[in-house]
Structures are given as C-alpha cells and as structure tokens.
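Biologist: I would like to go through some labels used for this protein and ask what each one rests on. Please keep it simple.

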Amino acid sequence: MTFTTTDTRIGLTVPAQTLHYTPGADPTQFVVEVVNQSDRFATMQLDLFAPGNEDNSTVWYDLTPEISTRKPPGDRTNFHITILGSPIPGFAGLTNLTIRVTSLELGEERRIIRLYIDPGGELPIEIKMPVRQFQSSPLEQVHIPIFLENPSHEKSTTSLWLDGIPSDWIVGGVEHTLDIPADSTIETTIVLRLPDYVKAIHGVYPFTLRAIQPGGTTSEATGQLEILAQGHVQFACTPEEHVLPTRDRHYQWGRGGIYWDALFENESNIPLNISLMVDGDNRAHLPLQVLPDQKLLQPGEQSAIQLGALISQHWIGVEKRMRFVVQGTVNDKQVDVQNDTQLVNLRIPPRIPLWLQGLGSFLVLYLIWWFSWLNPGNPYFGHRAAVNSVELSGTTDEVISGSSDQTSIQWRVRGFFNPIVNQQLGRSPDAGKAIRVVRYRPVNHDWLAAGLENGEIQLSSFTGQGQTTTFSLNRDDRVLDLEFTHDSRHLLSGHGSGAVLRWSLDYPQGDRRGVQLPIQYHQFDFAVYGIAMVGDYESTLAVGGRYNRLSIWNWQRDTVLDVEYPRIGSQAEYVTSVDAVFLKPYLLATADNQGYITLWDLKPCLISDRPCTVLDDWNDGHGGEPVRDVALSPYGCYLASAGADGRVMLWPLSSAGHRSVQYRDGIQIERSRTPFNSTDIKIWDDDVLIASGNENTQVSVRRRDRIHDSLCDLPPSTP
C-alpha cells in the first residue's frame, strides 16, 4: 500500500507501510515516485536521511537515478532506493527515515517513512588505514597500521587477510585472527620483512586488506607498497690482454676470431638491459662486433656479452699493439655499474718472429750485398785478380784500374763515399793478357792507354763510339809503364826488355786504325819498371828499373844521363816506381823494393852539369817492405806510396820538396792484409783523394782533408 500527497508543485508517492531491514541479509528496496505538478520544466534530486546520520557520513543506501532530467509539467520520475546497510550503526528497532526532494525551480518537499531494523544479522567490519602508501628497501621492515571497527552489538571474531604481497614477506603469515568487541574499534599492525635484492624486485605492489567475519561478511581496504631501487652491477672484461696466436677455439693460425667476455653480475633489485660501448684510437682499424647488442639481466643473475674481432695476422713487421676502452652500460640510471670502464689490449705479433725476420733480413741483405758492388769479393763485380795499376782522372770524378784478370774498369769516385751509388761505370772487353798499367790521356781524359803483359798496347775511347786499337813492336815484351806527353800527342812505353818506345798518336777514327809503329826507340841495359816526364820541355823522360838504375833520356837529342842512385843494386834490387808532375817538373819521386822512398831535385842535372840532388830519402814508411808505387799530387805538395806491407801512406811535403816536419812519419791512409800494387793522388777542393789497388782484387778511393798549415799547399781550388 502507498500513501500519496499532492500540492501545487511537487508530488511525492512513498511507501506507506513500514519497511524492514535485517543487517547481513538481502538489501531492502523500494520506489519513490516524484511528479512535476507545476506549470514549468523542473529537475528533481532525492536524498535519504536517518537520525544521527544526517550528513550521510556512512554510505548505507544506493539511489538510481541520483538526479532526474528536466521534466515537463505533469511528467514523473521513479527513484529506486536500495538499503545496503544499517543507517544507524549498532541500532536495532524502529526508526524514521526522511525523504527529501529538492528542485531548483520548485523548491523542496519532504516525507517520512518508517524502517524497522531487525536486531539479528551480522554487520560488516569497517577497515580504516591511516596510511595507504608505503616505501621501503630490500632487507627492511614495513609496518602497516590498521583500525578495525565492529558496528554490531555482538563481538566479532574476524580473520584479517593481506592479498597482493608474497606470503613469505608477511610476519605471521597472510591470515591474522582478531576478536573485536561489540561497538568497538581496535588497532593492529601487519609487519612485512622484505627479503634481499634478488626477491625484493623494484616496483609498486598494490595490496588488499580483507576482514572476513564468520558469517561471510567481508570488508576491504586497499593500499600499495613501493620497493625502492637498490644495489649495483659488477662489470669485468676478460682477458685483459690477448696475444696472438691464441688457444681460443675460434682462432685459426694466422686468421680467425678472438673474443673478450664482458661479464655483468646484477646485484640490484631491478631487471636491467645490459650493453657495451667500445671506443679507442684503433677502433676504426679493427672492426669489433658486440654479440648480442643487449641482454636482459634479472636480479642476481650473471651473464656475458662477447666482444669479438676477425683478425688477419701479418707475416712480417713489428708487433702491433691496440688498446680499446670497453664500457658496460645499463638502461636504468638508478643503478651504478662498478668498474664500468676498462682497458683491454690486443697484441698482434707477426707470424714470423722478429728474431727470424732479423735472421731472414740479414740473409737477404747478405745476398744483396754479396751480389752488389758493396762486396769486395763479389765475383760478378769488380776485378777477379790482382789490381796492377790505378789512376784518377784529371777532373777527379773517375778512376781507372787495370788488373791481371785482363780487364780495365772505369769507376765513379762518388760511389766510394756513398754506398747507394754504384761505383762501377763500365768494364773493358777482355784484353787477352794481364793489364800491367793504365793511363788516361791528359787532354779531355776521353782515351785510355793500357799496357799488357804480352807487350801490346791498347788505346780505347770512352766516347759512345767505343773505338779500340791495339799496337806493339815486339810481342811478349811486357809493358811495365806508360806515360803520355802533356799535349797527348805522344805516348811513351817502358818494357821488361829495357826498351823505351815513343809512339806518335794518330787517334783512330772511323775505319782508320791510327797508331802503326813507334817513331823512336831506345834500348836500356836494365828492365824498365817506371817512367815519368820531367823538365820544362816535353822531351825528357826519367827511367827507373833493375839494379837500382835511374836514367834521364832526352829523346830530342837522344842522350841519356845516368843518375847516381843512393844505393847500388844487384839483379834482385830495382827501382819500382818513378813519378813527376807537370806543375813541378824538376821534382821527382822514386821508390824501390828495398823499402826506400827518395825525393829528387833534377834541376841541377837538367840545366847544368851538376849532379841531381837527393832532397829526402827514407825507408821507415813501410817497415822496410818493398814500396811498389809512388804518386805526387799535381802541385807536388803530397806524396802517396803503396807498399808490400799492405799499407797506403800519405806524405805531406814542404815547398822545397822535403817531408813536412810535422808529418815525418807519414799518415796511414789504408791498411790491408795483402800488398798494394798501385796508387794515385789528386786534389779536389778541400780534399786529398788517394786511389789504390791491391793484390786482393780491390780498388779503393780514400779522402783526407788538405793540410793548409803546410807552406806547400795552396788555397782550395775548383777542379
């Protein structure tokens, strides 16, 4: 039965009978009808109040709809009300409920209904949490304070459950049983003991508190626990150094893959993505590969990322050293990576060890040296037998040598001081017999005269035509010395038979043979070993030879002047060499096989009847061994001597033609185990050049500073 009232504005229809509600039982429902009895559109809102709960602080009913839409005059709205709980906590009996309808357009209207609350039934426990959000770190305790209110008139034995938190974190388990007196509120605390970082993973854990009563009534409250980030990551890259070849199974001798293991150990409570960064000066020269690019690492786990490279090991060279900076990184900045930056090294030695390379290089260099001009014993370079004669060109840039190997060789002087420059310019064809003496033509130095063991003389051109003519008077009369006149028009030859021949030179050209027969002949009664042009006129020749004989032949008058030699000689004693120079025509140097060197002034005996004068005479220069050759410098300021003792000596001279007082013992220029057969000396700028040839097939050119404190020597000149 319903009770209806009307007025001119709002009409309400409410239940007229008493409503019943039993706590813990099914909800009580009823309908309130509201009618717009005005002459305008209006909205309606309904509220329900109970004594002692006018502010509706406790939600005890449900209303649908809460507010009606604007209704036209005469239209109605049904509000459905469901009583969910006791409107007066702990009350049992009859009470009045006030229904209020409010309209902004029409005002309000109230009605009273009666509700009987049965004393029986179970009222739900109210859960109140003063704090709903908690923060903690692994291995710490969390205290969750809880207030439980029992609104019923009877004591309640309630089970308190905590869901959403691992059970082994809850001290005392997930269920707590509590006795709550009637109409009372109690306080309790649930304690959480968090495990270590491996289990207490960083994150937010929502949880639910449930209070379950014996009758099945359940109350809930929610909260959340945030576990803070904690811990670090251990990082290590091994091995610290790789040295090839390695025993790694990925590596093959000479070429293969090598790997470093970048080890990560997650000692934090955050799952992390780990990765590597590699840098270094050699990064571009050695492509490195990171496998995999990144990896997920759970708390407490240990894993590795491989840093690999494919390497080709070079055959030779020095060891290569490479250094890389390897940095371990994680995707979460809350976690620190300990020892995150490390240096790793790679050493790549050559496949062939350095000592073996050194040995091989030595062998290669030795072979190169053996087959090059640097090797004095190279059978394919230089002479193959004793060198009998050497002479420097007038320009001092070349030297010529004649040997018992039947060839003459033209040498580049600069190559004797620079090993990169090949000394040998050219070799003459085989002459057929040993060459005893070689001489440059004084004019232009473009022709060479060579005296042979068989008595022949070969005249060869250095020009591109390469013309050669051979002439002789008596075969098998060996040529022991040759001398050009200063104008190069005549050539004089000294022979083992004692003959001295003067040849008029008509140099070959085209098909013309040139020299035919000597134009003058003189026979001495001793074997001639040395001849030299002396005097102011090109008509006088100094001749030295066996029996220590020294004579001066004027071929224009065909007269001979015998010079009294300081030592009378037997058949085994002889003058080995004589030399004079154009710029000091009266200065003569002689040497003999008794070890003596003698300097002569020939002016008294050439321009008057007085005897020739000995300026200096000594035999301690070569230890008493035979002196095989002497040569004077162009200005007569230096004398070079070559001896059977294996030495080449330099003797600075005074302007008067004596040995210099400061250098009476001479200057040793070269030393060999074998005798020297020939020497020559020239001046070039500030240097004295001494050429020599010895029994051991060697030709050499030595350089010595000019001695300007000598009164004889002149200022430097340009050749």
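Modeller: What follows takes a few labels in turn and sets each against its definition.

Modeller: This is a predicted model, in which local features need pLDDT of at least 70 and side-chain atom pairs count only at pLDDT 80 or more, while totals for chains, interfaces and linings use all residues. Residues are numbered from 1 along each chain as its sequence is written, and side-chain values use heavy atoms, with hydrogens and water left out.

Biologist: What makes Glu-33 and Arg-76 a salt bridge?

Modeller: The term asks for a side-chain nitrogen of Lys or Arg within 4 Å of a carboxyl oxygen of Asp or Glu. Between Glu-33 and Arg-76 the N to O distance is 2.8 Å, so the pair meets the definition.

Biologist: Where in the chain do Glu-33 and Arg-76 lie?

Modeller: Glu-33 is in strand β4 (residues 28–36) and Arg-76 in strand β7 (residues 76–83), 43 residues apart. Strands here are DSSP runs of E with at least two residues, numbered from the N terminus.

Biologist: Which labels do Arg-210 and Glu-220 get?

Modeller: Arg-210, at 24%, is partly exposed, whereas Glu-220, at 52%, is exposed. The side chains of Arg-210 and Glu-220 form a salt bridge at 3.0 Å, N to O. Arg-210 belongs to strand β16 (residues 203–212) and Glu-220 to strand β17 (residues 218–227), ten residues apart.

Biologist: How do you know that Glu-453 and Arg-478 form a salt bridge?

Modeller: Their closest N and O atoms are 3.9 Å apart, and that is within the cut-off, so the pair counts. Glu-453 is partly exposed at 27%, and Arg-478 is partly exposed at 28%.

Biologist: How many salt bridges does the structure hold?

Modeller: It holds 25.

Biologist: Why are β3 and β5 called edge strands?

Modeller: The open sheet of four strands has the order β3-β9-β8-β5, with mixed pairing. β3 (19–21) and β5 (45–49) each have a single partner strand, so one side of each is left without a neighbour in the sheet.

Key. Two strands pair if DSSP finds at least two bridges between them. Buried means under 20% relative accessible area, exposed over 50%, partly exposed in between (1.4 Å probe, protein chains only).
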